[in-house]
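Subject: Structure handover

Hello,

Here is the structure for your work. Please have it open while you read the notes below.

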Amino acid sequence: MTHYIQHRLETAGAKGSPYFTQPALWRVFRYSQGIPRLLNAICDKALLAGFVQQCQRIDFNMVGRAVRELEGSFN
């Protein structure tokens with residue numbers, strides 16, 4: 001899964017940043033269970049959060065917020 005996310009970032013033009021921390025990657029996998037569509041949706045929302053916060057490091061908390069947004073909770 002880590003290689004999949006890295007490949008997707010590189011395909012989009014990323015060259016080392018933004019990047020997901022190991023705990024963030026764990027949370028993505030734990031929630032998505034490796035389902036590509038869900039994995040992509042979580043990463044998309046987490047990357048958007050990083051962009052808004054002007055942060056290259058996507059961490060555990062950003063992924064948690066992405067998951068909550070996907071579930072319909074915006075708190």
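This is a predicted model: local features need pLDDT of at least 70, side-chain atom pairs count only at pLDDT 80 or more; totals for chains, interfaces and linings use all residues.

Residues are numbered from 1 along each chain as its sequence is written, and side-chain values use heavy atoms, with hydrogens and water left out.

Helix H4

Helices (H or I, at least four residues) and strands (E, at least two) are DSSP runs, numbered from the N terminus. H4 covers residues 60-70, and its buried residues are Met62, Val63, Gly64, Ala66 and Val67. Buried means under 20% relative accessible area, exposed means over 50%, and partly exposed is in between (1.4 Å probe, protein chains only). The buried residues of H4 pack against strand E1 (19-20), helix H2 (22-32), helix H3 (36-52) and strand E2 (57-58); contact here means heavy atoms within 4.5 Å. At the N-terminal end, Asp59 caps H4, with a side-chain oxygen 3.2 Å from the backbone nitrogen of Asn61. Such a polar contact is a pair of N or O atoms within 3.5 Å; within protein, one must be able to donate a hydrogen and the other to accept it, and residues adjacent in sequence count only if both atoms are side-chain atoms. After H4 comes Gly72, with a positive phi near 95°.

Core

The largest nonpolar core has 16 residues, and Ile5, Phe20, Val28 and Val63 are those with the most contacts inside it. Helix H1 (2-11), H2, H3 and H4 each supply at least two residues of this core. A nonpolar core is a set of buried Ala, Val, Leu, Ile, Met, Phe, Trp, Tyr and Cys residues joined through side-chain atoms within 4.5 Å. Not counting residues up to four places away in sequence, Val28 touches Met1, Ile5, Phe20, Leu39, Ile42, Cys43 and Val63.

Aromatic pair

A search of the whole structure finds 1 aromatic pair. The ring centres of Trp26 and Phe60 are 6.4 Å apart and the planes are at 20°, so the pair is stacked. The pair links distant parts of the chain, with Trp26 in helix H2 and Phe60 in helix H4, 34 residues apart. The criterion: rings of Phe, Tyr and Trp (its six-membered ring) pair if their centres lie within 6.5 Å, and planes under 30 degrees apart count as stacked, over 60 as edge-to-face and the rest as tilted. Phe60 is partly exposed, at 31% relative accessible area. The charged end of Arg27 sits over the ring of Phe60, 4.0 Å from its centre; the test is NZ of Lys or CZ of Arg within 6 Å of the ring centre and within 35 degrees of the ring normal.

Lys45

Lys45 is in helix H3 and counts as partly exposed because its relative accessibility is 30%. Leaving out residues up to four places away in sequence, Lys45 touches Ala66, Glu69 and Leu70.

Backbone points

The peptide bond from Ser17 to Pro18 is cis, with omega near 0°, and Pro18 is in the loop between H1 and E1. Gln33, in the loop between H2 and H3, has a positive phi near 55° and is exposed at 62% relative accessibility. Gln54, in the loop between H3 and E2, has a positive phi near 55° and is exposed at 74%.

Regards
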